[in-house]
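Hi everyone, thanks for coming. Let's take a friendly walk through one structure together, so please have a look at the screen.

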Amino acid sequence: MRNPYHQAKFAFSANAKKQLPNDARAEIAFAGRSNAGKSSALNTLTDQKNLARVSKTPGRTQLINYFSLAQAGDYLVDLPGYGYAKVPEEIRSHWERLLGDYLLTRETLRGVILLMDSRHPMKDLDIRLLECCAERQLPAHILLTKIDKLSNSQAAQQLQAMKSEIVNWNAPFSVQTFSSLKKQGLPQLIAQLNQWFDYDC
């Protein structure tokens with residue numbers, strides 16, 4: 001399978017709604033708790049070691065970061081990690097307002113890749129994000145990350161449990177397992193992105 005995401009390039013960062021691009025055709029956002037492996041997944045997807053900064057201190061991504069693709073107007077969007085960063089309450093509240101507004105109103109947003117540590121899925125903030133998606137019937141594809149840290153049977157159990165969970169949401173949600181370290185699940189992720197972007201690969 002051809003990977004059209006190898007050509008992703010950092011475009012710009014935004015800290016307010018007015019800074020979001022007007023020329024966007026389609027956007028797919030990556031979201032998740034600060035220690036869920038979001039930056040590692042983006043780097044694995046794009047086959048670039050430093051496209052998204054991997055910090056030893058989770059929660060360093062404090063802006064909405066846009067990465068442009070070869071198709072003009074198409075972007076991968078890295079949303080601020082949530083649930084860990086030690087920041088002042090005023091800044092945390094700003095993040096939450098900005099993210100909530102983005103998820104609920106951004107017209108060019110085609111879907112959300114929601115990353116969860118496979119050992120600790122469906123935390124309160126993960127559920128809140130899914131609620132935002134469900135409210136507007138925005139597709140969400142869950143990546144159960146760090147699957148290499150589980151046995152095959154444990155991974156299968158977590159995947160089945162999550163499939164049973166999302167059925168109850170009555171929303172366009174899907175789920176898969178993923179390992180950035182072993183690139184496990186990468187073809188499935190690429191296929192999902194291609195579908196949302198309407199790429200014929």
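Which side chain meets Asp-198 in a salt bridge? Keep in mind that we are looking at a predicted model. The partner is Arg-110, with 3.5 Å from N to O. Asp-198 sits in the segment after helix 5 and Arg-110 in strand 5, so this pair ties together parts that are 88 residues apart in sequence. Asp-198 is exposed, at 57% relative accessible area, while Arg-110 is partly exposed, at 25%.

Is Asp-74 buried or exposed? Asp-74 is buried, because its relative accessible area is 1%, and the cut-off for buried is under 20%. Arg-25, at 32%, is partly exposed.

Seven strands form an open sheet in the order 1-3-4-2-5-6-7, with mixed pairing. At the edges you'll find strand 1 and strand 7, each pairing on one side only. From one strand to the next, the twist averages 25 degrees.

Strand 5 pairs with strand 6 in the parallel sense, over six bridges, and Val-112 stands opposite Ala-140 in strand 6. Two helices also lie across strand 5: helix 2, running at about 130 degrees to strand 5, and helix 3, running at about 160 degrees to strand 5.

Definitions and conventions
Residues are numbered from 1 along each chain as its sequence is written. This is a predicted model: local features need pLDDT of at least 70, side-chain atom pairs count only at pLDDT 80 or more; totals for chains, interfaces and linings use all residues. Side-chain values use heavy atoms; hydrogens and water are left out. Two strands pair if DSSP finds at least two bridges between them. Helices (H or I, at least four residues) and strands (E, at least two) are DSSP runs, numbered from the N terminus. Axes are lines fitted to C-alpha atoms, for helices over the stretch in contact, and angles run from 0 to 180 degrees between N-to-C directions. Contact means heavy atoms within 4.5 Å. Buried means under 20% relative accessible area, exposed over 50%, partly exposed in between (1.4 Å probe, protein chains only). A salt bridge is a side-chain nitrogen of Lys or Arg within 4 Å of a carboxyl oxygen of Asp or Glu.
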